[in-house]
Amino acid sequence: NAKTIMIAALSPADINYEETLSTLRYADRAKQIVNAAVVNEDPNEKMIRELKEEVERLRALTSGVAVVPQTELAKLTEAARREVEEKAAEEMRAYKEELEQSQRL
């Protein structure tokens, strides 16, 4: 979400050769740094959110409605979202059939 830039000031004078070389080395080392952005989230809140999603998914399984967690849906494009929802509905139908067959036995 953010970019960092660095400006290295160099001097064409031969008297500043060592300083210019040192600046270029530092700029090159700084260029090699790679940062990975991570969302700051309290571990307890993360666990609570994940458990709520699981409860919602399990309730949906028992009621016969297919549910995909909101965190995953936000990442998908519209076409991929439809595909996931259709697959979930198909899995739900298969689960219901298995449940009915096991209840008959």
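**View 1. Glutamates E78, E83, E85 and E86 form a surface patch of negative charge.** This is a predicted model, in which local features need pLDDT of at least 70, side-chain atom pairs count only at pLDDT 80 or more, and totals for chains, interfaces and linings use all residues. Residues are numbered from 1 along each chain as its sequence is written, and side-chain values use heavy atoms, with hydrogens and water left out. A patch takes residues with over 30% relative accessible area and no salt bridge, and joins like charges within 9 Å. Asp and Glu count as negative, Lys and Arg as positive; His and the chain ends are not counted. The charge of Glu is placed at CD. Accessible areas come from the Shrake-Rupley method with a 1.4 Å probe, and for residues only the protein chains shown count as cover. E83 has a relative accessible area of 58%, so it is exposed (exposed is over 50%, buried under 20%, partly exposed in between).

**View 2. E41, R49 and E53 are linked in a salt-bridge network.** A salt bridge is a side-chain nitrogen of Lys or Arg within 4 Å of a carboxyl oxygen of Asp or Glu. That rule gives 2 salt bridges. E41 pairs with R49 at 3.2 Å, N to O. R49 also pairs with E53, at 3.8 Å, N to O. Why are R49 and E53 separated by about one helical turn? Because they sit 4 residues apart in helix α2 (residues 43–63). E41 is partly exposed at 34% relative accessible area. R49 is partly exposed at 29%. E53 is buried at 18%.

**View 3. K96 sits in helix α4, which covers residues 78–104.** K96 has 38% relative accessibility, so it counts as partly exposed. K96 and L61 are 35 residues apart in sequence. In space, their C-alpha atoms are 9.0 Å apart.

View 4. Helices are DSSP runs (H or I, at least four residues) and strands are E runs of at least two, numbered from the N terminus. The order of elements from the N terminus is α-α-α-α. Of the 105 residues, 8% count as buried. The accessible surface is about 9800 Å², and carbon and sulfur atoms hold 53% of it. Contact means heavy atoms within 4.5 Å. Among contacts with a separation of 6 or more, 27% join residues 24 or more positions apart.

Note on methods: Buried < 20%, exposed > 50% of the residue type's maximum accessible area, 1.4 Å probe, protein only. Patch = residues over 30% accessible without salt bridge, like charges linked within 9 Å, V, L, I, M, F, W, Y side chains within 5 Å.
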